[in-house]
Amino acid sequence: MRTSVKSLFVSRQLRTQLILYIMVISLAVLAGASYFIYSFMQNMIKIQNERLLYQQFQQLDHNIGGLVKEIDRLSMLFLRDDHIQQFLYKISEKTEEEFLESKNDVQRVIADFIDNYNYIDSIYITADNLGAVGGSQKRTLVYDRDAWQQSFFTSEPFRQTLEQYPHLVMHSGIKKSFYNPYLTGEDDGYLISLMRGTRAIYDPTTSATLIFNIDERYLSSIYATALNSEEGDMYIASADGTIISASEADRVGTQSHFTPGAELTDGAYGSLDDEKAGRSMQVVYYKLHDGGWYLLKEIPLSQYADQILGVQRMLVLVFTISVLAIFIASYFWLRKIIKPLNQLSSKMKDMSRGELGVTVDHVPNNELGTVIRRFNEMSLSMVELVDKNNEIQEKKRELELEALQYQINPHFLYNTLNMIRWMAVIVKADNIVNTIVALGNILRPVFSSKASMCSLRDELSYLDNYLKIINMRFNNNITFTMDVDEEWMDCQVPRFILQPLLENSIASGRQSEDFAIQIGITASVNQERLMLRVTDSGVGMDAESILKLNEKLAKGESPKSTVGGSGIGLNNVNKRIRLYYGPDFGIHFVPADQGAEAIVTLPVHRL
């Protein structure tokens with residue numbers, strides 16, 4: 001099977017290949033588009049559900065806030081009761097017997113409150129010196145001071161209640177057994193405690209703490225009554241992520257998968273993706289206005305997938321129909337497009353067998369038609385090209401003869417110079433002999449090699465022969481010195497780059513009254529750069545002239561005036577160096593104490 005699929009892709013028929021490629025690209029595009037639409041629809045459903053949840057969370061926040069306000073109102077109403085005021089009046093001065101005598105009246109008021117407001121689980125009043133009295137509708141309890149001191153007076157809720165007097169303080173995660181140790185097993189459970197410091201109306205000091213307890217299950221019933229278990233879990237968590245109330249009772253007291261943090265403002269709303277027991281879910285959170293708590297809901301992402309199942313089926317149907325439509329349209333369209341190409345291929349095979357002048361009759365009006373027209377033109381011109389080939393061969397033979405004649409000229413020149421040299425030897429004209437030898441040494445590399453590069457040794461040898469001829473002209477008034485280490489003699493440099501600099505130095509020396517000039521060449525290497533310095537003892541240039549000269553060379557312009565020269569040779573050499581090696585190399589002049597100093601910068605290239 002794998003071999004057959006591979007053979008389809010390597011098929012020699014262009015039509016089959018194009019159909020396969022179009023199908024593969026279409027499948028990829030359609031698959032990507034389907035995935036994008038699927039993800040977009042899922043995201044839209046998530047956003048829509050988030051909006052609905054936000055409205056639901058706001059309503060729940062309002063309901064929970066209303067409950068807290070109602071407890072706040074009831075606690076104030078509870079404290080106005082005459083029996084409670086009598087119990088609180090100078091409670092810190094009461095003896096234990098007086099405290100116990102007031103117990104029944106307090107218990108009766110508590111029982112009436114709990115009977116009238118069934119969402120209140122229990123009510124307790126604490127006294128720093130006497131302990132606590134209170135309980136639920138079914139159980140009453142009086143703690144002595146020592147027992148209550150160990151459990152409550154040293155607790156964090158008690159400390160916060162004193163600090164925030166007279167405000168109502170909410171605490172979570174407290175079990176019923178914290179207030180009544182006799183409640184165990186199924187009777188035990190979590191409470192939401194609302195506490196406030198209190199005192200009698202005419203008592204100047206805070207002497208007691210009033211505690212209203214709400215069963216956690218009542219709080220969860222506010223938001224979990226209409227909640228479907230398949231839609232996810234909903235719970236309330238504190239700022240540190242501890243679950244204080246949940247639709248699933250066994251999650252109370254555990255740690256939430258998500259901890260929003262206490263830095264969010266009241267009413268803050270958001271969501272994130274998480275995993276729980278290997279299932280992907282969306283966690284939506286809302287910060288309540290009371291208690292610094294967070295209302296959270298965990299929604300399985302599979303719920304969104306179920307909601308868009310119909311869209312998914314529709315996408316599959318559209319995808320299948322689109323693939324079939326693309327295949328049918330591609331087949332007939334490519335069949336029409338490929339037909340002229342098949343004709344062209346057939347004519348090209350005829351031409352390869354030696355049939356010249358063949359053409360394609362049907363020429364479509366597109367890019368393929370342009371190719372066919374060019375083929376027809378090429379085929380018709382083949383005969384002309386064959387006829388012209390003989391003429392070209394004849395011209396080639398003529399050019400070879402001309403090249404042979406040009407090759408004779410250098411040999412003729414060498415033979416002539418050699419004859420003149422021997423004539424000078426016969427008459428003992430040594431200066432003429434030396435001049436002819438130097439000229440021959442200069443011309444030999446010009447005709448013997450067409451290479452654009454030579455060694456630094458050959459370049460300096462060329463200069464030495466050049467100066468021998470020049471000194472014949474100027475009566476040996478030119479002194480030439482070289483200070484180049486043998487290490488750098490094999491470095492490759494462009495041919496004839498130093499002669500224009502020497503010509504410039506000689507022209508500079510001729511402007512002095514007593515024509516005698518010293519020219520020196522030194523070589524050094526710095527950071528893989530070969531620095532060739534050419535100095536002379538001529539009239540030199542001022543700083544402004546050097547600056548202008550360097551600017552002209554940097555721009556690739558011929559200097560209008562150099563000392564004693566036109567500057568064309570310098571610009572030519574500078575352009576050649578930059579052409580070979582780039583703008584970081586070339587010629588530039590520097591100020592000198594006497595005469596002029598030019599520096600030629602080249603990369604180090606050894607043989």
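Author: Start with a definition: buried means under 20% relative accessible area, exposed over 50%, and partly exposed in between, using a 1.4 Å probe and protein chains only. Helices (H or I, at least four residues) and strands (E, at least two) are DSSP runs, numbered from the N terminus. This is a predicted model, where local features need pLDDT of at least 70, side-chain atom pairs count only at pLDDT 80 or more, and totals for chains, interfaces and linings use all residues. Residues are numbered from 1 along each chain as its sequence is written, and side-chain values use heavy atoms, with hydrogens and water left out.

Reader: Which residues of helix 5 are buried, and which exposed residues does the face turned away carry?

Author: Val106, Gln107, Val109, Ile110, Phe113 and Ile114 are the buried ones. They cover an arc of only 160 degrees around the axis, so they sit on the same side of helix 5. The arc is taken from the directions from the helix axis to the C-beta atoms. The face turned away from the buried side carries the exposed residues Asn104, Asp115 and Asn116.

Reader: Why is Ser505 called buried?

Author: Its relative accessibility is 2%, so Ser505 counts as buried. Ser505 belongs to helix 15, residues 499–510.

Reader: What joins the side chains of Ser505 and Asp536?

Author: A polar contact of 2.8 Å. The term needs a pair of N or O atoms within 3.5 Å; within protein, one must be able to donate a hydrogen and the other to accept it, and residues adjacent in sequence count only if both atoms are side-chain atoms.

Reader: How many aromatic pairs does the structure hold?

Author: There are 10 aromatic pairs. Rings of Phe, Tyr and Trp (its six-membered ring) pair if their centres lie within 6.5 Å; planes under 30 degrees apart count as stacked, over 60 as edge-to-face and the rest as tilted.

Reader: What makes the pair of Phe57 and Tyr286 tilted?

Author: The ring centres are 6.1 Å apart and the planes stand at 50 degrees, so this pair is tilted. Phe57 lies in helix 2 (residues 14–79) and Tyr286 in strand 10 (residues 279–287), so the pair ties together parts 229 residues apart in sequence. Phe57 is buried, at 0%.

Reader: Why is the pair of Phe78 and Phe212 edge-to-face?

Author: Their planes are at 85 degrees and their centres 5.8 Å apart, so the pair is edge-to-face. Both residues, Phe78 and Phe212, are buried.
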